[in-house]
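The report below describes a protein and DNA model in terms of its contacts, sheets and helices.

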2 protein chains.
Amino acid sequence: MPNQVIVTVDVVLLTLKEMRLQVALMKRPQEPFKDALALPGGYVHPEEDADAASAAYRVLREKAQLRPPYLEQLGTFSGGRRDPRGWSISVCHLALVTPEAATDSQWFPADKLPRLAFDHAKLIAAAVTRVRNKSSYSALPGYLLPELFTLSELQAIYSQILGEPLEKSSFRRKLRDLDFLEEVPGAFQGGKQRPAQLYRLKGMALFDRTI
Amino acid sequence: MPNQVIVTVDVVLLTLKEMRLQVALMKRPQEPFKDALALPGGYVHPEEDADAASAAYRVLREKAQLRPPYLEQLGTFSGGRRDPRGWSISVCHLALVTPEAATDSQWFPADKLPRLAFDHAKLIAAAVTRVRNKSSYSALPGYLLPELFTLSELQAIYSQILGEPLEKSSFRRKLRDLDFLEEVPGAFQGGKQRPAQLYRLKGMALFDRTI
DNA sequence: AAAATAGTGTCTGTTAGACATTATTAG
DNA sequence: CTAATAATGTCTAACAGACACTATTTT
């Protein structure tokens, strides 16, 4: 006897545009919350999806035409009051993409959102908090940039996400210690004056399944 | 049209006995995995449970006769292969109790487990990892001890969980910085020689809903 | 007094932040 | 040359680990 529960996945898809975290939102084509903005998400398809992460990945493919280089489970939101149709459970995921990949979606600054469907404002807040926390000790912000980037660009991103200015010298020391960047030999980016060495993230798992 | 998904909660209930992390396991009374050991868990009851955390809390009340002082969401495990009955999703929780509260349960050392039902070995591994990680910067291990404890006892727990010896002086400095303990005035525990000051955790939320 | 554990103080090597200096390009 | 940004070097204050010392109890 199956219990009547609505089982969905949602994805907080983030990128960085104009130096601000932006989240992908879509107008809902049907009730409930018809025409309201919502996170990309949908029902789990038991025949199709190996697990919830695969469902999230499929949703992004279908609804945003992209395959994010980073996707992790954020947490699960559940209860009888979040969806007017009944008791529901949503496995929420966090995905990051580079700004170029993100052509098909509509983007909104994560710190100044319109009214959203369901409890999606809460999910986004949780995602932003997660990104902030993980950024202080991980390569996460690297997934928000184009594949190749300079250390100055990367520092600007970290500084923006953490909300504080960073010292160049100690920032670079930390990057060397954490050791998740690799120099791209012969690749430079010469904006205005002295060209800067380009770097990329070292090869990492496409899906981070850490819990 | 509801999708046929089995929606459950499971709880990795941990305590500390004989200086080892121990997990509560129960023999399954029915198929699937009849008579195998499993985590306390069960179906979500949409009429009864406000959300998944409440369901986990109810399961602990019903199956282990206890109300844990600490409970948080660990993560969600899902897929078509973890339960022979079909595509299933389990919101797994981590709960900590003091050893005295844990009379009704059967305890097993978390690092040497028998064969378990479902993917519960994986859930336990995730819980232990979470406890290890959080312990380095939080009050978490305090929930594994009796309400009142000495700093030496607390240090022994941390040392055990983190798997490394700790310096007394710097350990106490850190406790003071993190500031989650309070002295219990006039309470001492005089094992063999000089009695030690007793401490307790400062009042904190019963449920940690951080994600 | 000796033994045992609790609790505090001091020293020192490491490190993160502040800042200065050098390097390399365009104009 | 100067201007501008990249990249590295140096200095210092704060801190964590190591260890010593003091304090309080039982026997």
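Twenty residues lie around DNA strand C, and S169(A), R194(A), S169(B), Q193(B) and Q197(B) come nearest among these 20 residues. A residue counts as near a molecule or strand if its C-beta atom, placed from the backbone, lies within 6 Å of it. The elements that give two or more residues to this surface are α4 of chain A and, from chain B, α3 (151-162), α4 and β10. Helices (H or I, at least four residues) and strands (E, at least two) are DSSP runs, numbered from the N terminus. With four residues, α4(A) gives the most to the surface near DNA strand C. That surface divides into three nonpolar, nine polar and eight charged residues. Here Ala, Val, Leu, Ile, Met, Phe, Trp, Tyr, Cys and Pro count as nonpolar, Asp, Glu, Lys and Arg as charged, and the others, Gly among them, as polar.

This is a predicted model, in which local features need pLDDT of at least 70 and side-chain atom pairs count only at pLDDT 80 or more, while totals for chains, interfaces and linings use all residues. Residues are numbered from 1 along each chain as its sequence is written, and chains are lettered from A and ligands numbered from 1 in the order in which they are written.

DNA strand D also has 20 residues around it, of which S169(A), Q193(A), Q197(A), S169(B) and R194(B) come nearest. Two or more residues each come from α3 (151-162), α4 (168-178) and β10 (196-201) of chain A and from α4 (168-178) of chain B. The largest share of the surface near DNA strand D, four residues, is that of α4(B). By class, three residues of the surface near DNA strand D are nonpolar, nine polar and eight charged.

In chain B, an open sheet of three strands has the order β8-β10-β9, with antiparallel pairing. Two strands pair if DSSP finds at least two bridges between them. β8 (149-150) and β9 (181-189) of chain B are at the edges with a single partner strand each, so one side of each has no neighbour in the sheet. Five bridges connect β9(B) with β10(B) (residues 196-201) in the antiparallel sense, and Q189(B) stands opposite A196(B) of β10(B).

In chain A, β8 (residues 149-150) runs antiparallel to β10(A) and is joined to it by two bridges. T150(A) has L198(A) of β10(A) as its bridge partner. β9 (residues 181-189) of chain A is likewise antiparallel to β10(A), with five bridges, and E183(A) stands opposite Y199(A) in β10(A).

Next come the helix pairs. In chain A, the axes of α2 (residues 120-135) and α3(A) come within 9 Å and cross at roughly 125 degrees. Axes are lines fitted to C-alpha atoms, for helices over the stretch in contact, and angles run from 0 to 180 degrees between N-to-C directions. α2(A) and α3(A) are therefore oblique to each other; angles under 35 degrees count as roughly parallel, over 145 as roughly antiparallel, 65 to 115 as roughly perpendicular and the rest as oblique. V131(A), R132(A) and S135(A) of α2(A) make the contact with Y158(A), I161(A) and L162(A) of α3(A), where two residues are in contact if their C-beta atoms, placed from the backbone, lie within 7 Å. This contact of α2(A) with α3(A) has four nonpolar, one polar and one charged residues.

In chain B, the axes of α2 (residues 120-135) and α3(B) come within 9 Å and cross at roughly 125 degrees, which makes α2(B) oblique to α3(B). The contact is made by V131(B), R132(B) and S135(B) of α2(B) and by Y158(B), I161(B) and L162(B) of α3(B).

| Cis peptide bond | Omega |
|---|---|
| E31(A) to P32(A) | about -10 degrees |
| E31(B) to P32(B) | near -5 degrees |

P32(A) is in the loop between β2 (20-27) and β3 (37-38) of chain A, and P32(B) is in the loop between β2 (20-27) and β3 (37-38) of chain B. F33(A), found in the loop between β2 and β3 of chain A, is not a glycine but has a positive phi of about 60 degrees.

The contact between the chains takes 24 residues from chain A and 24 residues from chain B. On the side of chain A that touches chain B, β1 (6-17), β5 (70-79) and β6 (88-96) each supply at least two residues, and β5(A) has the largest share, six residues. By class, that side of chain A has 15 nonpolar, eight polar and one charged residues.
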